[in-house]
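Dear colleague,

I am handing over a structure that I have been reading through, and I would be glad if you looked at it before going on to the notes below.

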Amino acid sequence: HNLEVADGRFAAEVSCDGPVQCAFTDEKVTLKQGERRLLPVKIDAESPGEAVIHVRVSAKDYVFEQDFSLRVDSAMPVIYRRIIETLGPGESRPVNVQGRFEQGAMYQASYAPLPYADPETCLKQLSDAPEWGVYNQIHAAYGLLSQAVVSRANQDQKLAAQIQERLDAVQAQITGWGAVCSMDTGGEIDWYATALTLKLLTEAREAGFDVSPGIYEQLSRNVTTQGTYTGLASWVLGREALALAGEPNLADLRYAYDEMETPKSGILSPLALAGFARAFEYHGDHVRSQEALSRALAALKSYVGLMQKFADSTDQKMQLELLSTIRGVDQAAPSSLAYDAAVLVETMLKTGLTDEIGEALRVLINQRPLQWHLPDSVAASLLRAMDGLDSRPQTDPIKPFEHGKPVTLKNPSANSTMFATLGVLGHPTMLPQHP
């Protein structure tokens with residue numbers, strides 16, 4: 001726009017610095033005073049970052065120069081992805097993720113006998129878990145009550161206050177008659193959530209956190225009256241919680257275990273069997289505990305087969321029948337293949353009965369959607385499972401990717417196989433496609 005030059009013969013130049021390319025042919029235009037003309041500039045972004053557009057317009061006895069800042073954002077959202085690699089003793093392996101993420105991505109590697117065992121990430125996820133929803137609060141508090149986190153909280157008042165805040169939120173959701181209701185049960189009593197809350201508050205009291213005596217007593221009394229009709233996984237979790245609270249009843253446990261009936265699905269609940277294993281081990285019944293764990297693993301593998309059959313089926317009627325069967329495996333609200341596998345791994349490590357843990361870990365690794373999203377329920381179980389490890393996972397510092405170079409993962413143990421969990425934060429080159 002020529003506002004002041006009498007001799008309106010102008011030369012326009014445009015250039016770019018940074019992650020962009022400018023397509024502009026230097027122009028020479030003549031404009032009378034008061035006239036204006038648009039000169040299009042094509043700018044192509046190459047990657048996220050900060051760019052600068054240099055503009056220069058000159059005429060006789062006149063020069064105008066100005067730089068314009070331009071921020072280039074990715075078209076993709078920032079995501080966190082976990083990539084799992086199994087490494088033999090002392091093994092090193094390069095992993096190339098450059099084609100999967102744009103420049104600027106950051107990564108962190110953790111090494112442990114468990115997959116997805118990046119404790120700092122799990123801790124942050126549960127600390128930042130949303131405050132709405134019964135299970136969000138319960139799983140966040142349950143995971144944060146892992147031994148390692150509580151030990152740290154003894155030295156970190158901010159973390160201790162955060163755990164107490166979660167526990168207060170859980171207690172606030174308990175009804176006046178000592179039950180927990182959830183949207184998963186249509187606003188009715190959720191017996192699994194109720195039993196898990198009793199176990200949570202029992203452990204919280206033992207760890208020195210504040211638990212209302214009145215709320216705890218009412219909750220305990222309600223769980224005592226719970227029958228097996230409320231769901232076997234919920235019932236046995238309630239018996240385990242009562243035993244931790246000082247009200248053991250081995251006779252009821254043995255009777256319920258011995259009289260279990262196979263449901264219409266043909267698959268016993270892996271969650272229930274894992275609960276029996278923990279409860280029997282607590283009472284010192286090692287034989288039944290080991291048997292329950294073996295049955296839980298067999299049930300989990302049958303559950304995998306059922307899910308695979310559903311995924312492979314193309315017949316709508318068959319899919320509906322299979323879906324009904326899958327729902328019959330366990331009525332507990334949070335039950336899923338990933339959650340059941342994580343709870344089974346946690347149970348094996350907590351009881352020390354780890355002879356068959358490799359099979360359970362294989363099921364967990366094969367749940368590929370966990371690479372893109374680790375539910376709070378699974379993160380909580382894995383964080384607690386880490387308490388059963390002989391040593392804490394080793395976590396490397398956060399680093400940026402070096403352009404064009406793969407990340408080298410190296411098993412720090414010269415004697416045992418380890419899972420490397422490579423956590424990547426950045427913009428993906430494409431959105432994930434779940435199988």
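How many residues does helix α11 have, and what does it reach from its first C-alpha to its last? Helix α11, residues 316–327, has 12 residues and reaches 16 Å, close to the 16 Å expected at 1.5 Å a residue (the expected span being 1.5 Å times one less than the number of residues). Helices here are DSSP runs of H or I with at least four residues, and strands are runs of E with at least two, numbered from the N terminus.

Please keep in mind that this is a predicted model, in which local features need pLDDT of at least 70 and side-chain atom pairs count only at pLDDT 80 or more, while totals for chains, interfaces and linings use all residues. Residues are numbered from 1 along each chain, and side-chain values use heavy atoms, with hydrogens and water left out.

The protein chain comes to 14 helices and 13 strands. Its C-alpha atoms fill a box of roughly 105 × 55 × 50 Å along the principal axes.

As for charged pairs, there are 19 salt bridges, each being a side-chain nitrogen of Lys or Arg within 4 Å of a carboxyl oxygen of Asp or Glu. One of them joins Arg254 and Asp285 at 3.1 Å, N to O, and this pair links distant parts of the chain, since Arg254 is in helix α8 and Asp285 is in the loop between α9 and α10, 31 residues apart. Arg254 is partly exposed at 33% relative accessible area, whereas Asp285 is buried at 8% (buried means under 20%, exposed over 50%, partly exposed in between, with a 1.4 Å probe and protein chains only).

With kind regards
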